[in-house]
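Please look over the sequence and the model shown below, and keep both at hand while reading the paragraphs that follow.

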Amino acid sequence: MALKLSISHFTPTIVTYLLIFTTTPHILALNITDILSPYPNLSEFSALLSSATAVAVDLSHRTSITLLAVPNSYLTSSTSADITRRLSPTSLADLLRYHVLLQYFSDSDLRQIPSSGILVTTLFQTTGRATSNLGSVNVSRNPTTSTISIRSPVPYSPSNVTVLSLIKTLPYNITILSVNSLLVPAGFDLMASDSRPPLGINITKALIDGHNFNVAASMLAASGVVEGFEADEGGAGITLFVPTDMAFSDLPNNVKLQSLTADKKAVVLKFHVLHSYYPLGSLESIVNPVQPTLATEETGAGRFTLNISRVNGSVAIDTGIVQAAVTQTVFDQNPLAIFGVSRVLLPREIFSKESTVPSKPGTGMIGSAQPPDNSQSPENSPGFSGPSSHLTSPPDLRQDISSSGADDIFNFKRSSGIVALFCTASLYVLV
């Protein structure tokens, strides 16, 4: 007797799951210079970003951002040209960081901005060099003209810009908007010199002086990576999350850090470091919870990230398999912040959930925790169109909205999806 199998509900379910789990895109690091290269009218702004090496590096490992780019015709005006010529390299880098909003805005997001405005954190705020919240911007939309304005959050701000057009968007990763001027933070010293002396902090000594971080200090000294951390104090600074001695003693018996290769040990240590200076207040109010680490810079965007949030009044750090809390401030002086954490931060890319179970009671191993998913992106995002849209492209600028047209920036691996469809087709034939 021939076996009859109803597949009217079964097969679509298989297809759905196979496509979801086998067509996840592999996202590579964003190269801001490559993204801007098709737009000759943004060449001067692109050159400024390239000259500010620390800013370009930081941008390459961030996602969910909006870049405010100034076209050549506005950037070379007497006022803007005078600002960029007068600033020291450090001040110019901070000015450019103020043009990086740490929030992704699609065209539909922009249309929904209220007339009262919303407060958005910029990359400049993360340096700790902005006073109060003056590293943020207020983004508002005129409901009558659809004009989008961006300004400092202080009342009657002398510096404000108008969005000219949406240049490009790579969904959920980066949007580029052209604006009609450079945006200067309130209270920003345009005459500041590049005279800030390097701290020259000995990180290992600072940990030993903390009396509760001897294991971490020994590992850092033995690995040799601490010299690189100290070199990274320049630019946007760094933030270290250092496990206490008790955190190391609470590791499960089947997690043996010393058995890792030297390269993997170095990656684990770099996984505890953010490539920006975050004082405690900035961590508590962080806008983008998924933060790249120094390990991300070596392995590619979307990998070795930390999810940072505020839970029950404390800063919580989630790796996907370990949840830790910031327990104390060990050192905090711009551009270096060191915080003690209650658990060793084990990256899921090295320590799978299976390898960290069972765990000792109270170690913070959360076998059911799901890592943040940054891979989802729609096939395309609709652009600014229609007679009612105020955001029309000026000469020499074109709107380019795509998720699949940037082959040199994003590499999508979808061959396994074809296998899934083939297997499903075979099921139909067999039945």
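How many helices and strands does the secondary structure of the protein come to? It comes to 16 helices and 15 strands, where helices (H or I, at least four residues) and strands (E, at least two) are DSSP runs numbered from the N terminus. This is a predicted model, in which local features need pLDDT of at least 70 and side-chain atom pairs count only at pLDDT 80 or more, while totals for chains, interfaces and linings use all residues. Residues are numbered from 1 along each chain as its sequence is written, and side-chain values use heavy atoms, with hydrogens and water left out.

Of the 431 residues in the protein, 49% are buried, that is, under 20% relative accessible area with a 1.4 Å probe, counting protein chains only. Among contacts (heavy atoms within 4.5 Å) between residues at least 6 apart in sequence, 70% join residues at least 24 apart.

The largest nonpolar core, with 52 residues, has F45 and L49 as the members with the most contacts inside it; such a core is a set of buried Ala, Val, Leu, Ile, Met, Phe, Trp, Tyr and Cys residues joined through side-chain atoms within 4.5 Å. Strand β6, residues 160-170, gives the most to this core, with 5 residues. Leaving aside residues up to four places away in sequence, L49 touches I32, L36, V55, A56, L59, L67 and L96. Another core, of 33 residues, lies apart from that one and includes A206, L220, V273 and V344.

N72 is found in helix α5, residues 72-75, and counts as buried because its relative accessibility is 15%. Beyond residues up to four places away in sequence, N72 touches P40, N41, L42, S43, E44 and F45.

Technical notes:
Buried < 20%, exposed > 50% of the residue type's maximum accessible area, 1.4 Å probe, protein only.
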